[in-house]
Amino acid sequence: MVLQRIQSVYLLLATILMAVFACFPVYSLTDGDVVTVVGALALNGVTQQSWLLLALDALIVVLTFVTIFKYRNLKFQIKLAGILMFLQVTLMVCLGVMMSMTNCPTVVSVLLPVACPVLALVFTFLARRGMNHDKKLLYDSERIR
């Protein structure tokens, strides 16, 4: 695999971050002596698996990986990056709603992998900005001819 553009590196970093998000616990609920750890996959001490987080995360990982290899069709790649940013924001909103819909006596502890979708959104934004820069360069070079 040849990474010719910086956008490909940004998208690869976003893919890795979203895969890390799936593998580690996202938040924990403490109710007295009972601790429930919630994550997308039942790995690393996760006691409660969230199918919504898993489905959204898997969709984002697959689309991000596909977007890396659509470099020959720049317009389609820009559209995919926009869809990815929408899905990443949707994932963060769903995560916030899930954390806020807990019972009153529980204590919610947010863990470090919650930052992964935010960083992936930043990398996707940077990749899209690079794609728009490439589109502008192509437009300017065709205008000169």
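These are my notebook entries on a predicted model, covering its overall build and then a few residues I looked up.

**Ground rules**

I number residues from 1 along each chain as its sequence is written. The model is predicted, so I take local features at pLDDT of at least 70 and side-chain atom pairs at pLDDT 80 or more, while totals for chains, interfaces and linings use all residues, and side-chain values use heavy atoms, with hydrogens and water left out.

**Entry 1: overall build**

I started with secondary structure and found 4 helices and 4 strands in the protein. Going from the N terminus, the order reads α-β-β-β-α-α-β-α. The radius of gyration is 18 Å, well over the 15 Å that the globule rule gives for 145 residues, so the protein is more spread out than a compact globule. For my own reference, that radius is taken over C-alpha atoms, and the rule is 2.2 Å times the number of residues to the power 0.38. Helices here are DSSP runs of H or I with at least four residues, strands are E runs with at least two, and both are numbered from the N terminus. I also noted the box filled by the C-alpha atoms, roughly 70 × 30 × 20 Å along the principal axes.

**Entry 2: surface, contacts and charge**

How much of the protein counts as buried? I get 38% of the 145 residues, where buried means under 20% relative accessible area, exposed over 50% and partly exposed in between (1.4 Å probe, protein chains only). The accessible surface comes to about 8600 Å², and 68% of that belongs to carbon and sulfur atoms. Those areas come from the Shrake-Rupley method with a 1.4 Å probe; for residues, only the protein chains shown count as cover.

Next, contacts, meaning heavy atoms within 4.5 Å. Of the contacts with a separation of 6 or more, 65% are between residues 24 or more positions apart.

On charge, I have 11 positive and 6 negative, with mean positions 20 Å apart. Lys and Arg are the positives, Asp and Glu the negatives; His and the chain ends are not counted. Each charge is placed at NZ of Lys, CZ of Arg, CG of Asp or CD of Glu.

**Entry 3: aromatic pairs**

I found 2 aromatic pairs in the structure. In the Y10 and F123 pair, the ring centres are 6.0 Å apart and the planes sit at 20°, so the pair is stacked. This pair links distant parts of the chain, with Y10 in helix 1 (residues 6-23) and F123 in helix 4, 113 residues apart. Y10 is partly exposed at 22% relative accessibility.

F65 and F69 make an edge-to-face pair, 5.2 Å centre to centre with 70° between the planes. I get partly exposed for F65, at 41%, and also for F69, at 43%. My cut-offs: rings of Phe, Tyr and Trp (its six-membered ring) pair if their centres lie within 6.5 Å, and planes under 30 degrees apart are stacked, over 60 edge-to-face, the rest tilted.

**Entry 4: helix 4**

Is T124 buried or exposed? T124, in helix 4 (residues 115-144), is buried, with a relative accessible area of 0%. Leaving out residues up to four places away in sequence, T124 touches A14, A81, L84, M85 and Q88.

I then checked N132, which lies in helix 4 and is partly exposed at 36% relative accessibility. Its C-alpha is 17 Å from that of T64, 68 residues apart along the chain.

S109 sits in strand 4 and is partly exposed at 29% relative accessibility. Beyond four places in sequence, S109 touches Y27 and S28.

V114 is in the loop between strand 4 (107-110) and helix 4. V114 touches V26 and L95, again not counting residues up to four places away. The C-alpha atoms of V114 and Y27 are separated by 7.8 Å, though the two are 87 residues apart along the chain.
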